[in-house]
Structure formats: C-alpha cells, structure tokens
Amino acid sequence: MNRTDKLARIQNIVKETDLHEILLELLPKLGYQDVTLTHERGNNPEMGKDIVASKLDEIENKKEWTAFVVKKGDVRGTSGGTKEINAQLDECFEFAWHSITKGKNIKISKVKVVTSGIYKAGAIAKILEDGFYNNPNISMWSSTELVEFIDKCYPRYWLKGNKTYKHYIEVFQNKNKEDDFAKTLGISNVKIQKIIDNALKPK
C-alpha cells in the first residue's frame, strides 16, 4: 500500500469511533500506557477528553498524563470549526480526570488534537492564536502524522483482516526474527503471512 492509499484510508474513516479504535491500538505502540477511552459509545467525552493515556517520566519516576481530543474529518479555520476544540482544550486542562481503575484527580499535562482529516488553512493558527493555547503542551495530529506514526510503530495496521489476524502475523514475524532455525529455512515475512492465511481466514 503506497502513501496515497494510506492517507485515503485514514481520511475516509466514516465514524469517530473508528478513529478511537485506531488510537487504542496505536498509542501503546508509541509507548503510552493506561490507554483508556473515557466514555462509552454515544455518550459525551469526559470533560473534553476522548482518550487518556500516560507515559513515565523517567527522571522524576512519575506518570505524565496526556488527553486526546479526537475529531473525524477536516478541521476548518472558521470560528465554528475551532470554537469546540478550544472549549475542549480548556476542559482538558481545567478539569482533572477521574477513573475507577486509574485513580481520581488525575491532572492532564499535555493535550493532542487528533483528526482523521487535515487542518484547513488558518485552523491551527486560529486554535493557537490565544497565548494560552500556543504552548508546547498542545499539539495537532492530522492524517499525515497518523500515517507516519503507524508506518513507524504499527505497520501491521495496514494488513487486511481483524485484530486477531494482525496479532498472529506480528507474533510469527517476531518469532521469526529470534528463531535461528526459521532463518536457516529462509522463512520470510511473506511466507509467514501465507501460513497465517491458511490457518486463519481474515474477516
């Protein structure tokens, strides 16, 4: 699959919940832990936060929490297109996250606005025109960044088939890297995929 096809696949996502699913799979590959969807399908996000995840600050040996504001489609530079995002950014920083499993009063240190489309002309400038938002703790991910991150850390995503199928492909390929006997036999990634295809038909 070439880059154009990959961008089209992300940009053609139909439902915001589909983008949630991608992030729930991708973020652990990017080193995030405690990756949590803050709300059930159809309900409102937790004070602006669609997904919350942590990374360990190795210097201070404590978790740093990031909120992800997730949007489907292009973000336009109109007041209506950016007003909701600014409101969610406010809520992410102002209101702590409360989780039954992760704990209460979790303060958000960083926010990433993730869209399956692109940021239209003026959209980022409009979001960041207020000095409060124009800081390194806020960043924007578009379909371009998502493709780059997937290519680098989760290339199995581009395979056809469900998560179980992709998982078996990854397990076989990782095992192949460690297995001298497999290397001796010359079992390539393509052959591994054929083995999986014969054992597990993708849905």
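These legends accompany close-up views of a predicted model.

Local features rest on pLDDT of at least 70 and side-chain atom pairs on pLDDT 80 or more, while totals for chains, interfaces and linings use all residues. Residues are numbered from 1 along each chain as its sequence is written, and side-chain values use heavy atoms, with hydrogens and water left out.

**View 1. Helix α2 against helix α5.**
Helix α2 spans residues 16–29 and helix α5 residues 143–153; helices are DSSP runs (H or I, at least four residues), numbered from the N terminus. Their axes come within 10 Å and cross at roughly 45°. That makes α2 oblique to α5. Axes are lines fitted to C-alpha atoms, for helices over the stretch in contact, with angles from 0 to 180 degrees between N-to-C directions. Angles under 35 degrees count as roughly parallel, over 145 as roughly antiparallel, 65 to 115 as roughly perpendicular and the rest as oblique. The crossing of α2 over α5 is left-handed (the near helix is turned anticlockwise from the far one by less than a right angle; clockwise is right-handed). From α2, Leu 19, Ile 22, Leu 23, Leu 26 and Lys 29 meet Leu 146, Phe 149, Ile 150 and Cys 153 of α5. Contact means heavy atoms within 4.5 Å. The residues of this contact are eight nonpolar, no polar and one charged.

**View 2. Helix α1 against helix α5.**
The axes of α1 and α5 come within 9 Å and cross at roughly 115°. This crossing is right-handed. α1 contributes Arg 3, Lys 6, Leu 7, Ile 10 and Gln 11. Among the α5 partners are Ser 143, Leu 146, Glu 148 and Asp 151. The contact residues divide into five nonpolar, three polar and four charged.

**View 3. The largest nonpolar core.**
This core holds 22 residues; a nonpolar core is a set of buried Ala, Val, Leu, Ile, Met, Phe, Trp, Tyr and Cys residues joined through side-chain atoms within 4.5 Å. Ile 10, Leu 23, Leu 27, Phe 68, Trp 141 and Leu 146 touch the most other members. At least two residues each come from α1, α2, β2 (51–57), β3 (62–71) and α5. α2 gives the most, with five residues. Beyond its neighbours within four places in sequence, Leu 27 is in contact with Tyr 32, Val 35, Ile 51, Phe 68 and Trp 141. Apart from this core lies another, of 19 residues, including Ala 67, Cys 92, Val 113 and Tyr 119.

**View 4. Gly 103 in strand β5.**
Gly 103 sits in β5, residues 103–106; strands are DSSP runs (E, at least two). Gly 103 is partly exposed, at 24% relative accessible area. Buried means under 20%, exposed over 50% and partly exposed in between (1.4 Å probe, protein chains only). Not counting residues up to four places away in sequence, Gly 103 touches Trp 97 and His 98.

Technical notes:
Nonpolar A, V, L, I, M, F, W, Y, C, P; charged D, E, K, R; others polar.
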